Amino acid sequence: VQQSTARLNSLKGMLKSKFFRQIKISFYLIVGLTLFINLYLLIAGAFQLRLHQEIIEKGCRTKIGLWLKENADSPKDNVFLEPLGYIGFYSQLKMLDFPGLSSPEVVAAMRKFRSRGIKSFARLIFELKPDWLVLRPKEIQDIQSEIPDLLTSFYKSVRVFDVSDKVSLYSK
């Protein structure tokens, strides 16, 4: 019994030692810092998602969808685009979305071109001949580099929706 008591006292002494207190403080600091960093990232991520929702989804894509609904020649018009969600919902038009989440026509065209090693918006647009195009600047450049006169021969730019100035306010 005395040996167990001696070991217990030795263990108590070790737990009260300066070294053990420093380890304990370091552990609490690491845990606290980890929690702080995670909380910061959570708040920053929520802020970024809120900005994205307000600027991109509501401030741009919703407006594009509503504009298309008002300006389409017919409810049967179709639209080729990549960002399907808000634009498709608000326009209520047929979406020919890349990569074909809601349009079997795009999937079939992609399979046809993939068998020949072709992956491009330009070939899909040329094949599908949509009534409307919703394109980002980079997509326009890619199309023009592949089929230079596709956009100018078959389409005209009727409206630009640009929120890059609002985005740039938060990207500095």
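A salt bridge is taken here as a side-chain nitrogen of Lys or Arg within 4 Å of a carboxyl oxygen of Asp or Glu. The structure is a predicted model, in which local features need pLDDT of at least 70 and side-chain atom pairs count only at pLDDT 80 or more, while totals for chains, interfaces and linings use all residues. Residues are numbered from 1 along each chain as its sequence is written, and side-chain values use heavy atoms, with hydrogens and water left out.

Side chains of opposite charge can pair when their charged atoms come close. By the rule above, the count of salt bridges is 8. One of the pairs joins K58 to E54, with the closest N and O atoms 3.5 Å apart. Because K58 and E54 are 4 residues apart in helix 2, about one helical turn separates them. Helices (H or I, at least four residues) and strands (E, at least two) are DSSP runs, numbered from the N terminus. For accessibility, buried means under 20% relative accessible area, exposed means over 50%, and partly exposed lies in between (1.4 Å probe, protein chains only). K58 counts as partly exposed at 45% relative accessibility, and E54 as partly exposed at 41%.

Other salt bridges reach across the chain. R136 pairs with E82, and their closest N and O atoms are 2.6 Å apart. This pair links distant parts of the chain, 54 residues apart: R136 sits in the loop between strand 3 and helix 6 (137-146), E82 in the loop between strand 1 and helix 3 (85-91). A network of salt bridges links E82, R136 and E139. R123 forms a salt bridge with E146, the closest N and O atoms being 3.1 Å apart. Here too distant parts of the chain are linked, as R123 belongs to helix 5 and E146 to helix 6, 23 residues apart. R123 is partly exposed at 33% relative accessibility, as is E146 at 31%.

Two strands are said to pair if DSSP finds at least two bridges between them. Strand 1 (residues 78-81) pairs with strand 3 in the parallel sense over 2 bridges, and V79 stands opposite W132 in strand 3.

The surface also has a nonpolar patch, formed by L33, F36, I37, Y40 and L41, with about 560 Å² of accessible area together. Patches are made of residues with over 30% relative accessible area and no salt bridge; like charges are joined within 9 Å, and nonpolar side chains (Val, Leu, Ile, Met, Phe, Trp, Tyr) within 5 Å. Accessible areas come from the Shrake-Rupley method with a 1.4 Å probe, and for residues only the protein chains shown count as cover. L33 lies in helix 2 (residues 18-71) and counts as exposed at 51% relative accessibility.

Most residues other than glycine have a negative phi, and most peptide bonds are trans. The peptide bond from F98 to P99 is cis, with omega near 15°, and P99 lies in the loop between strand 2 and helix 4 (104-114). Q92, which is not a glycine, has a positive phi of about 60°.
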